[in-house]
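Look at the structure below before reading on.

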Amino acid sequence: METTSGTLDEALLRLHTSGPEFSGYLSNHGPMAVEAMVRNGQARTVHRWLDTYAHKLEDVPAPQTRITDANWQEALGDPSRVTDWTRHFTGQVAERPWRELLAEWWPRLLPGIAGAATHPVIRVGHAVRSLLTEGEDDARIAEFAHALGYWAARHLLLPATVHPTGSATPAEALSALPRIPERGVTPLDGYAQLPATPGWLSTTESLHIPDAPEAAREGLTTLVRAATLNYADHGHGNGIMLVHAATAPNAVLRTLPALPRELWASSFAVAWAAASAITTLYAADTPRRAPDASTVAPEEVFARAVAHGNEHAIKFADTALDVAATSEDGDTRALSAALNAVELIDQEA
């Protein structure tokens with residue numbers, strides 16, 4: 001990550017003057033996108049991109065009531081309390097190490113991964129990655145508090161409890177998932193269809209979740225890869241929404257090194273439940289060939305996503321580069337998936 005200019009910190013401080021959502025429910029992707037841009041060698045474009053993106057953002061919502069150890073449960077999942085939550089975590093992280101705060105709140109927040117189409121956990125993943133790779137400073141610690149606050153405010157359980165106990169691999173389970181009957185719906189309306197969608201719960205529970213921490217991390221890595229490659233074939237179902245089937249579990253994967261190892265297996269299980277739900281809601285029924293990336297370098301793929309400008313294309317390219325970096329020599333399917341997002345999102349945006 002580029003470190004000399006302080007571009008990431010400057011961008012985060014700009015973004016913290018705006019709320020986490022706009023137009024009623026759309027997520028402010030700014031903190032996630034700029035972290036990915038700086039991470040992948042595009043720091044010089046951050047402020048220009050942000051100048052355009054910031055026009056759609058809205059002010060920080062007014063606070064309501066202070067959140068305490070006695071009343072936090074009643075405020076969990078209440079989007080009107082987002083500023084209260086941000087202030088709570090800002091105060092907490094000023095008093096103790098951020099890793100300690102994460103270890104306490106991760107098990108509380110993780111079941112609500114579905115909230116705001118998984119954007120809060122993705123924002124946490126970007127915040128944690130910057131802290132782990134760049135170190136601690138005021139702007140990055142503040143972003144961590146904002147990300148946790150957003151997740152607490154948008155905490156949302158899936159309508160069915162998932163207990164994966166099968167033997168399938170992520171790729172096998174992902175390819176066997178059904179589709180909801182009524183397509184083209186919001187995440188909330190789509191989630192509501194999951195319990196009655198034949199085969200969704202049984203297929204989701206067919207995944208094997210190992211108990212050993214390292215095996216769970218390997219399984220989560222395999223899930224991110226499978227979801228990314230699945231986008232290459234099925235992203236035309238919904239070019240924007242399906243990216244989260246890969247970026248949400250990747251956010252969890254990025255957070256694992258900062259978590260106690262005993263939380264890794266449960267983190268894999270919940271990340272899979274979210275990826276399964278999003279795939280069932282938004283993946284196309286039949287595959288379609290993605291663009292050929294065999295002659296395109298990874299940095300060029302990311303540069304194309306940045307030039308495109310859409311925040312989802314940027315974040316998905318960031319995840320695709322993670323997958324490509326661990327792929328066998330000559331395997332460019334993850335990069336093809338990222339180019340597919342650039343084409344599909346251009347059509348939809």
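## Terms and model

Helices (at least four residues) and strands (at least two) are DSSP runs, numbered from the N terminus. The model is predicted.

## The second largest pocket

The second largest pocket holds about 350 Å³ of space. Its lining consists of 18 residues, and Arg129, Asn250, Leu253, Arg254 and Asp322 are the closest to its centre. At least two lining residues come from each of α7 (119-134), α12 (213-234), α13 (244-255) and α16.

By class, the lining of the second largest pocket has 7 charged, 6 nonpolar and 5 polar residues. Because domain 1 (1-154) and domain 2 (158-348) both contribute to this lining, the second largest pocket lies between them.

## The largest pocket

The largest pocket holds about 620 Å³ of space. It is lined by 30 residues, and those nearest its centre are Tyr25, Leu26, Ala117, His119 and Pro187.

Four elements, β1 (21-22), β2 (26-27), α10 (187-193) and α16 (311-325), each give at least two residues to the lining of the largest pocket. Of these, α10 provides the largest share, with 3 residues. The lining of the largest pocket divides into 16 nonpolar, 10 polar and 4 charged residues.

## Position between the domains

Key
Residues numbered from 1 in each chain as written. Predicted model: local features only at pLDDT ≥ 70, side-chain atom pairs only at ≥ 80, totals over all residues. Heavy atoms only, no water. 1 Å grid on protein atoms, 1.4 Å probe; cavity = no way out; pocket = protein on both sides within 12 Å on 5 of 7 lines; lining within 4 Å. Points joined across faces, edges and corners; volume = space filled by probe spheres on them. Nonpolar A, V, L, I, M, F, W, Y, C, P; charged D, E, K, R; others polar. Domains from an automatic or database assignment.
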